[in-house]
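Please open the structure in your viewer and keep the selection tool ready.

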Amino acid sequence: MLVLEYKVKGKQQQYRAIDEAIRTTQFIRNKAIRYWIDAPREAKINRIALNNYSTALRKEFKFVKELNSMACQAATERAWSAIDRFYGNCKSKKPGKKEFPRFQKDNRSVEYKTSGWSLHPTKRRITFTDDKGISEVRLLGKWDIHTYPVKSIKRVRLVRKADGYYCQFAVDIEVKPESRTADGELGLDVGLEFFYSDSNGHHEENPRFFRKAEKAIKHTQRQIYKKEKGKNQRRIARLRYAKKHLRVSRQRNEHALRIARNVCKLNSLVAYEALNVKGMVKNHCLAKSINDVAWTLFRRWLEYFAIKFGTTVVAVNPRMTSQKCSDCGAIVKKSLSTRTHKCACGCQLQRDVNAAINILNLGKQARDGQSRSNATGVATSTLLGASLVEQVATANVESPGFTNK
Ligand SMILES: [Zn+2]
């Protein structure tokens, strides 16, 4: 799925109509969760039962009926995906919280499927044809949605963000291939000092805005809590924070996209560490957490450009990659503060470069070996999450179907 995003331009009253549709979506989703909770155990509520429930809600509430029927179904599907995730967590005996479906208070989007909207045949306009009263709005953005057949548009989503309303189209198309300009092979090591170090000895600097922006965000965040609850000033502080946050996530995304594109364009094989990002996010070290966010984005774009350029992207187990000598294979113990790898065999490298070479070697093994499960494309669908959409201002890929927000 390719997601094209446009800024929506309309009248105040149309924005209010979008808000109303978003509220209705949340209402339906929460009602469906309640329905599931209250149902007797033998009722076995599933996706279809929830879909039927959305029909019942349409009969009961006028404002639900005003929303396109497939959009209502999309709302109960959100409930279902929360329930399904919970069931999945219980089944797999996931340690810790099982994420029991919660009632949502902060929904920011409404999702249409293949009906309830129509594109203006020539200009960049879209009309919402249900009874929510959004009607025709203008679409601002670089992309031309008309280059894709209307049939390939599987979802249309209206999203409220800090700086206005956006319309996202999920387009079911193949990613257009481009040719590579070189056939290099590259191993990437994530560090604290640099964004990454590669097996050719190059260190990609962390862009300055990472740290600076993070500080600014923390500052605006603190400002919120200094203002009295319920006061207008607090609302303004909150808005300021949201805007800053949005700007930074876009910068971050642009950065990740640019670097991932370059890497895939120049290499036929790219190997990187498969990091347990979920476990790492809890890290309290600021620099580390910034890098984690940036790296998650970067890896997603790697997978995307891997398809575009026909590059094989392999995630390898990073175990021992920093201790092992990339030349002779001996284990050379070093603490985090040891910046140079010095081996008895005479090999001397910057520690991250040594690790990157090890990662590349593991990547080659994985590529040449029988297990090709991580090769191009295969890992894509699992790696691309919906959170990316929130970060992206232009275009991106994501797993089929949107998730809750
Ligand atoms: Zn050695």
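Select strand β1 (residues 2-9) together with strand β7 (residues 164-171): the two pair in the antiparallel sense over six bridges. Two strands are said to pair if DSSP finds at least two bridges between them, and strands are DSSP runs (E, at least two residues), numbered from the N terminus. This is a predicted model, in which local features need pLDDT of at least 70 and side-chain atom pairs count only at pLDDT 80 or more, while totals for chains, interfaces and linings use all residues. Residues are numbered from 1 along each chain as its sequence is written, and side-chain values use heavy atoms, with hydrogens and water left out.

Within this pairing, select Glu5, which stands opposite Gln168 in β7. Is β1 mostly covered or mostly exposed? It is mostly covered, as six of its eight residues are buried (buried means under 20% relative accessible area, exposed over 50%, partly exposed in between, with a 1.4 Å probe and protein chains only).

Now select the zinc ion. Which residues are its protein donors? They are Cys325, Cys328, Cys343 and Cys345, each through SG, lying 2.3 Å from the zinc ion; donors are N, O and S atoms within 2.8 Å of the metal (3.2 Å for Na, K and Ca). The donor residues are spaced C-x2-C-x14-C-x1-C in sequence. Cys328 lies in the loop between β12 (312-316) and β13 (340-342), and Cys345 in the loop between β13 and β14 (348-350), so the pair ties together parts 17 residues apart in sequence. Finally, Cys328 is partly exposed, at 44% relative accessible area, and Cys345 is partly exposed, at 40%.

Key:
Helix = DSSP H or I, 4+ residues; strand = E, 2+ residues; numbered from the N terminus.
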